[in-house]
Amino acid sequence: MSKITQLNVDELKGFLKHMVTNNQYIQNEGKIPVAINIEGDAGLGKTSAIVQLGKEMEMDVVKINLSQIEELGDLVGFPVKEFKIQNKEGQSTWIMEAQIDAAMKKGYKVVEKRMAHAAPEWIQGRTEGGFLVLDDYTRADHRFMQATMEILDRQEYISWSLPKNWHVILTTNPDNGEYQVTSLDDAQKTRFISTEVKFDASVWARWAEKVNIDGRCINFLLMNPEIVTQKVNPRSITTFFNSISSIQKFEDELPLINMIGDGSIGEEPSALFAMFINNKLDKIISPEQILTNDDWNYVKGSLTSCIGKDDDFRADISSIISTRIINFALITADKGSVPQKMIDRIISLVTDCDSFTDDLRYYMVKEILNGHKAKFSKLMLNQKVVKMTVK
């Protein structure tokens, strides 16, 4: 079997946006929208990315965790009796059993009966435009997976249908022996398009900056991204970071931090974190200080102290700090206007600071402009910045 294309969370959103747009196009041609399967390890942000995209596209989002529901009726609706009634003019319609008495009093007669399924509660009242997220699809009981086949195929189940412009999205964990999942057979796999989400430290760092994960911990993961891809689940590392974020001085509570680390991310990553603290790498100047502290000489001195110079230059730390500067600047722009002093500070960083190589200076300007060109357009009023970016 061919390998599934791997995407980071940002790329995933672009892929999903295309699929939604394409589904809208083919549905207008009378075709059934294509279902999507997003596979990836737990904690990568698969479901969060879907929910976020739903908000951005102003789409309704219904998330059903298939591994946590027990009654099949909660997913597909409960069976009910329906009656086809006919008036004296021969006009007919289907009604529920509870409506029979009222219909008979009005002169209708029953001409046919059938068993149907009432629309489940989660879809009642929903209007056009939405995502149906079947979370943990392959961790569900086999009955639920079978019941969804018709929804995946035709966006309906016996006697009810999804509204127009709804898109079915599955989330699954890899079938690699590390998760308790049900293997998908070829008949199931042909009912959707699959893609795989991979961990990307840069994307994670931007998310972490936005949700206020401890900056010392962000630095650690940017310095050691391989621990997530090789040893630790992203959700576990985030839990560990949140569990120690109230500690003001890591070096004073190292035994406690080791204990928490051993119980959440394992002994080897925990030991690596302890080494990070012992080497005082948790003391790296924060992007907030770099971009908002009024004393430029203090900032330059702090950067030199962290990054070093000449033979002691730490390219890895310089890269980490540049990533965090970019993320902090873009998050500031997301929240509102960008202060002129922040723009001036970015100009100073890329034109008057030896702590960054020419490549990193160019990268910072490019990423900041790509992220919020309008709010950082004043960067291009500086001739040194312009000269650097057109090289």
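**Strand pairing and a helix contact**

Q: What is the bridge partner of I36 in β11?
A: I36 is bridged to I193 of β11. This is a predicted model, in which local features need pLDDT of at least 70 and side-chain atom pairs pLDDT 80 or more, while totals for chains, interfaces and linings use all residues. Residues are numbered from 1 along each chain as its sequence is written, and side-chain values use heavy atoms, without hydrogens and water.

Q: Why are β2 and β11 said to pair?
A: Pairing requires at least two bridges found by DSSP. Strand β2 (residues 35-39) and β11 have five, in the parallel sense, so they pair. Strands here are DSSP E runs of at least two residues, and helices H or I runs of at least four, numbered from the N terminus.

Q: Why is α9 called oblique to α16?
A: The axes of α9 (residues 215-223) and α16 (residues 315-335) come within 10 Å and cross at roughly 125°. Angles under 35 degrees count as roughly parallel, over 145 as roughly antiparallel, 65 to 115 as roughly perpendicular and the rest as oblique, so α9 is oblique to α16.

Key: Axes are lines fitted to C-alpha atoms, for helices over the stretch in contact, and angles run from 0 to 180 degrees between N-to-C directions.
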